[in-house]
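I opened this notebook to record what I looked up in the structure. The entries follow in the order in which I took up each topic.

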Amino acid sequence: MEHKIFSQMENDAKQIKSISTHTCSKLLEKKDLIVETVNTQMSRRPDIHRLIGYNPLQMMYDNHRNHFNLIIQVLKLQEIDILINMIPWVYRTYHIHGFDYDYFPIAFQHWIKAIEDHLESNMAQSVSNIYHFLIKWHPAIVELVETNRDIGLSFYGDLQKEHEQFLHYLLQGDYKNCLLYSEKIVKTPTDLAPFYLQVIQPALYRVGFLWQIREISVAVEHLSTAIIGRIMALLYTRFPLIDTKYGNAIISSAPNEFHEVGGRIVADLLEMEGWNVDFIGANVPPQELLEYMKKKRPFLLGLSVTMPYHIDSASQIISLLKNDPDLASTKIMVGGLAFFHKRNLWQKTGADGWAPHGLEAIRLANSWWHEVEFSNV
Ligand code: B12
């Protein structure tokens, strides 16, 4: 069902002409003004509180900023499929949080108007086509969201029972039992990867979904992530450090990206494999990452991207690296939820490779290392 509508939308979207880089830069230049105009116009509407389900206006403002970042991203990458994949998530999430479905086409009209106010008419016209497309597909998106509850949370692997038990403790905020139970699962270093990939990762996906459908609060979601961070640190440090057999690797989240557990899993698994890893975590200013890389001269950089509108910031770092003679030979790998929206989307970043999960990331890194080693013989 979901696929049918997606492919129909994708087909229909082929009619939308791609937008020039000049128009994209103008749009980016006017971002604050356009977002501000939509915020003001929407908040002046007499029906605004009904439309946003009596939520604070700030929630709508946050959505507008994220929305516009996404649109700019989609236009820059010329990947409308990202938007088509994301839009049901946006409808579903905001509707569950009380927003009326009518809010969306009304907001789209305000985006058209604001873009017309701030861009030259031919540019405004080309960008507006995206909004006309969204307005046209609005009823189908609502139907999809209302009828399709399968959002791809199926479990793969042998540790389903363990995953469920761990999740149970996690949602109670029961750190002690989470830790005791994890210790039962992870007895040797080789147990760590299945624990990370089949227990922790799906538990966090489930936590995200429960947050999305408003079954748990932001506090419970934060607590779950914090418990997992503590457990990862505790379990990992119980194993002896492996001698370095591979080169230096730096793992970081893309600029502005706050999600860091995925990158941390990749970092831990690389280290266990014998890489010398610096895990930098989330939201590093690009210039400082580059300076650090100049000092460290890593063989490998891994960039984690969760939100699609951060793909561009990853691409920018990659382009800086590739154009810097000191760093151009660094192998660059990207990964994270953002790349699940479309096959081969990672290639748009200019990276050398992509991996869907931690174990695959290790395989790719090792194969790159051996390739270079072999070519040096
Ligand atoms: C915890 C969490 C947060 C925390 C993050 C804290 C932290 N310290 O990391 C906080 C509260 C900051 C947060 C914020 C937001 N979040 Co959040 N968050 C999550 C949650 C619940 C878990 C993320 C996670 O750790 N997953 C587990 C890891 C292990 O999985 P993973 O990242 O996919 O990693 C694996 C692979 O992808 C791959 N991989 C990952 N990185 C890399 C890197 C390389 C180099 C390679 C090779 C591979 C690789 O390997 C990993 C291991 O196998 C997810 C739910 C989910 N489905 O993930 C939502 C989720 C990602 N968040 C979401 C949203 C919407 C947001 C916010 C926009 C919310 C808001 N309104 O503010 C902000 C955005 C902030 C920002 N600027 O980045 C949505 C995204 C929806 C979408 N369609 O894209 C999700 C999916 C929740 C949901 N179901 O709706 N979030």
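Two strands are taken to pair if DSSP finds at least two bridges between them. I note at the outset that the model is predicted.

Entry on the sheet. I looked up strand β1, residues 248–253, and found that five bridges join β1 to β2, the two running parallel. Within this pairing, I noted that A249 stands opposite V277 in β2. I then followed the whole sheet: five strands form an open sheet with parallel pairing, and their order is β2-β1-β3-β4-β5. The edge strands are β2 (276–281) and β5 (353–354), each of which pairs on one side only. As background, I recorded that strands of a sheet pair through backbone hydrogen bonds, either parallel or antiparallel.

Entry on the helix across the sheet. I asked which strands helix α16 lies across. Helix α16, residues 358–376, lies across β3 (300–304), β4 (331–335) and β5. The helix runs at about 170 degrees to β4.

Entry on H138. I located H138 in helix α8, which spans residues 121–147. Is H138 buried or exposed? Its relative accessible area is 11%, and the limit for buried is under 20%, so H138 is buried. Leaving aside residues up to four places away in sequence, I listed its contacts as Y91, Y101, F104 and P105.

Entry on the surface. I looked up a nonpolar patch on the surface and found that Y205, L337 and F340 form it. Together they have about 280 Å² of accessible area. I placed Y205 in helix α11, residues 192–212. Y205 counts as partly exposed because its relative accessibility is 36%.

Notes: Residues are numbered from 1 along each chain as its sequence is written. This is a predicted model: local features need pLDDT of at least 70, side-chain atom pairs count only at pLDDT 80 or more; totals for chains, interfaces and linings use all residues. Side-chain values use heavy atoms; hydrogens and water are left out. Helices (H or I, at least four residues) and strands (E, at least two) are DSSP runs, numbered from the N terminus. Buried means under 20% relative accessible area, exposed over 50%, partly exposed in between (1.4 Å probe, protein chains only). Contact means heavy atoms within 4.5 Å. Axes are lines fitted to C-alpha atoms, for helices over the stretch in contact, and angles run from 0 to 180 degrees between N-to-C directions. Patches are made of residues with over 30% relative accessible area and no salt bridge: like charges are joined within 9 Å, nonpolar side chains (Val, Leu, Ile, Met, Phe, Trp, Tyr) within 5 Å. Accessible areas come from the Shrake-Rupley method with a 1.4 Å probe; for residues, only the protein chains shown count as cover. A salt bridge is a side-chain nitrogen of Lys or Arg within 4 Å of a carboxyl oxygen of Asp or Glu.
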